[in-house]
Amino acid sequence: MKTELNYINLTYQTNSEKEYHIPLSYQLFGKDLFTAPIILINHALTGNSEVSGVKGWWKQLVGENQIVDTNQYTVLCFNIPGNGYDDFLIEDYEEFTPSDIASIFLKGLETLHIKNVYAIIGGSLGGGVAWEMLAKQPKLAEIFIPIACDYRTHDWLHAQCLVQKFLLDDKEEPLQKARIHAMLCYRTPQSLNDRFQNQYNQDKQRLESEDWLVYHGNALNERFSLKAYKLMNHLLMNINVAEEALENIQARMHMISVDTDLFFPASEIRMCFEDLREKNKNVSYHEIQSIHGHDAFLMEYQQLNNIIKNIL
Ligand SMILES: CC(=O)SCCNC(=O)CCNC(=O)[C@H](O)C(C)(C)COP(=O)(O)OP(=O)(O)OC[C@H]1O[C@@H](n2cnc3c(N)ncnc32)[C@H](O)[C@@H]1OP(=O)(O)O
Ligand SMILES: N[C@@H](CCO)C(=O)O
């Protein structure tokens, strides 16, 4: 799996003026570079560059004969430096913001001699980083598809990340506790209540819903590191594109929200769409209907496929 990773060695000075050596890793899927239109996909909080293939976290969307068809496109996906997937971790995570990550990805594209891409698709934090990239380089993409994300972290999301930051500083099982709290933000009361119906697990002497939460806490603890999660949470807290910069973006923008998303509420995304439409930008809005909330972008594949097939 990791043999497929490619690296670009960068020296990068953060907005806070600290210099770092960054081994920016990435994966390519589909057609060889420069033989087909390029689609850049930015991963979400605990994702990584493995967007397609057997273990791909978006394999229902990206692959041979899928909506993002690797027979037709070159798909490029960077790892957010410090996500740990390539074993690179960042100690002083507070030095980095999504704006820094965007600059690092742009440097990566430059090093690969990619001047522009056909499309950028980003879910959640990945979409926030994509907004930051386009604010810096408004002509970068022909098409922009931000999914379940916004150009800014609003107060409620910031507050939930703050709770996670406190949990991540806890001495006992910090990552598990933070993930359990996060799962409740990724889903909705209806999603949990309909699914678990207060069923009790006699063997484990706890509710099935509790068992499921504990499972997710432990599962993330096994596949992710505390340092990486602290960084990702910090990034999610600090998406902050200046509103004026949005107007300059030249891409055709197709915003996708989830009607029940607690993290990036559909109402906020719709407001951004309406503002940009009033400014005569080439923008459209799509809403996934789901009881599941934010994580619907990883679950409601039929709807996502239907929306994206009419865009690409
Ligand atoms: C976005 C990116 O960039 S990548 C990150 C995306 N991936 C993740 O977030 C990984 C965590 N996974 C998830 O959150 C979910 O699996 C999703 C969003 C991908 C899909 O959601 P759902 O279809 O509702 O799956 P669910 O949340 O039930 O997870 C399935 C797992 O829970 C386990 N599970 C389900 N019910 C229970 C229960 N009562 N008790 C314990 N475990 C349970 C299943 O065994 C399954 O385990 P596995 O993943 O090891 O096979
Ligand atoms: N559950 C997803 C969504 C976060 O936006 C993740 O862990 O990355």
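Helices (H or I, at least four residues) and strands (E, at least two) are taken here as DSSP runs, numbered from the N terminus. With that numbering, α6 gives the most to the shell around ligand 1, contributing 6 residues.

The model is predicted. The chain has an average pLDDT of 96, and 99% of the residues reach at least 70. For the complex, the predictor reports a pTM of 0.96 and an ipTM of 0.93.

The pairs are as follows.

| Residue | Ligand 1 atom | Distance |
|---|---|---|
| R195 | oxygen | 2.4 Å |
| E208 | nitrogen | 2.7 Å |
| W212 | oxygen | 3.1 Å |

On its own, ligand 1 has 970 Å² of accessible area, of which the protein covers 64%.

**Composition and position of the shell**

There are 17 residues around ligand 1, and those that come nearest are R195, E208, D211, Y215 and H216. By class, the shell comprises 7 charged, 7 nonpolar and 3 polar residues. Ligand 1 lies between domain 1 (5-154 + 239-310) and domain 2 (155-234), because both domains give residues to the shell around it.

Notes. Residues numbered from 1 in each chain as written. Chains lettered and ligands numbered in written order. Predicted model: local features only at pLDDT ≥ 70, side-chain atom pairs only at ≥ 80, totals over all residues. Heavy atoms only, no water. pLDDT = per-residue confidence, 0-100. Near = heavy atom within 4 Å. Polar contact = N/O pair within 3.5 Å; in protein donor to acceptor, adjacent residues only side chain to side chain. Areas by Shrake-Rupley, 256 points an atom, 1.4 Å probe, with all protein chains shown as cover. Nonpolar A, V, L, I, M, F, W, Y, C, P; charged D, E, K, R; others polar. Domains from an automatic or database assignment.
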